[in-house]
Amino acid sequence: LINNWISLLPEIDNEISQLLHDGWTIEKLPDVVLQILRVANLELKIASDTPFKVILNEYVDIAACFYDKQKVTFVNSILENLARKNRSEEFKKNRSE
């Protein structure tokens, strides 16, 4: 996990940055939100045996422990877009069911 984290961190941050709008940047995200998004994105990339919905639910639940509904919705939105990008076939299949 650590080796993947180190080697993929620039790519992970870039993917998150591409999804931020309205003046948000990686640097402006609260630290806990950023780490939730980073680790969830890493898991989406390397844990192909875990359904993306399970990964999203885990990290949305973690966000809910720290933040209000508005911030949790923000995390969920970013994670759904990361799943759409990193698990496109699984995401399409799931949406059509």
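Start by selecting Tyr67, which is partly exposed at 23% relative accessibility; here buried means under 20% relative accessible area, exposed over 50% and partly exposed in between, with a 1.4 Å probe and protein chains only. The model is predicted: local features need pLDDT of at least 70, side-chain atom pairs count only at pLDDT 80 or more, and totals for chains, interfaces and linings use all residues. Residues are numbered from 1 along each chain as its sequence is written, and side-chain values use heavy atoms, with hydrogens and water left out.

**Aromatic pairs**

The whole structure holds 2 aromatic pairs. Rings of Phe, Tyr and Trp (its six-membered ring) pair if their centres lie within 6.5 Å; planes under 30 degrees apart count as stacked, over 60 as edge-to-face and the rest as tilted. Select Trp24 and Phe74: their ring centres are 5.8 Å apart and their planes are at 35 degrees, so this pair is tilted. Trp24 sits in the loop between helix H1 (2–18) and helix H2 (31–46), while Phe74 is in helix H4, 50 residues apart, and the pair links distant parts of the chain. Helices are DSSP runs of H or I with at least four residues, numbered from the N terminus. Trp24 is partly exposed at 34%, and Phe74 is partly exposed at 23%. Phe66 counts as exposed, at 54% relative accessibility.

**A surface patch**

Keep Phe66 and select Val32 and Ile62, which together form a nonpolar surface patch with about 260 Å² of accessible area. Patch residues have over 30% relative accessible area and no salt bridge, and nonpolar side chains (Val, Leu, Ile, Met, Phe, Trp, Tyr) are joined within 5 Å. Areas come from the Shrake-Rupley method with a 1.4 Å probe, and a salt bridge is a side-chain nitrogen of Lys or Arg within 4 Å of a carboxyl oxygen of Asp or Glu. Ile62 lies in helix H3 (residues 52–66) and is partly exposed at 35%.

**Val72**

Select Val72 in helix H4 (residues 69–86); it is buried, at 12%. Beyond four places in sequence, Val72 touches Val60, Ala63, Ala64 and Tyr67, contact meaning heavy atoms within 4.5 Å.

**The core**

Finish with the largest nonpolar core, which has 26 residues: buried Ala, Val, Leu, Ile, Met, Phe, Trp, Tyr and Cys joined through side-chain atoms within 4.5 Å. H1, H2, H3 and H4 each supply at least two of its residues. Leu29 is among those with the most contacts inside this core.

Notes
Patch = residues over 30% accessible without salt bridge, like charges linked within 9 Å, V, L, I, M, F, W, Y side chains within 5 Å.
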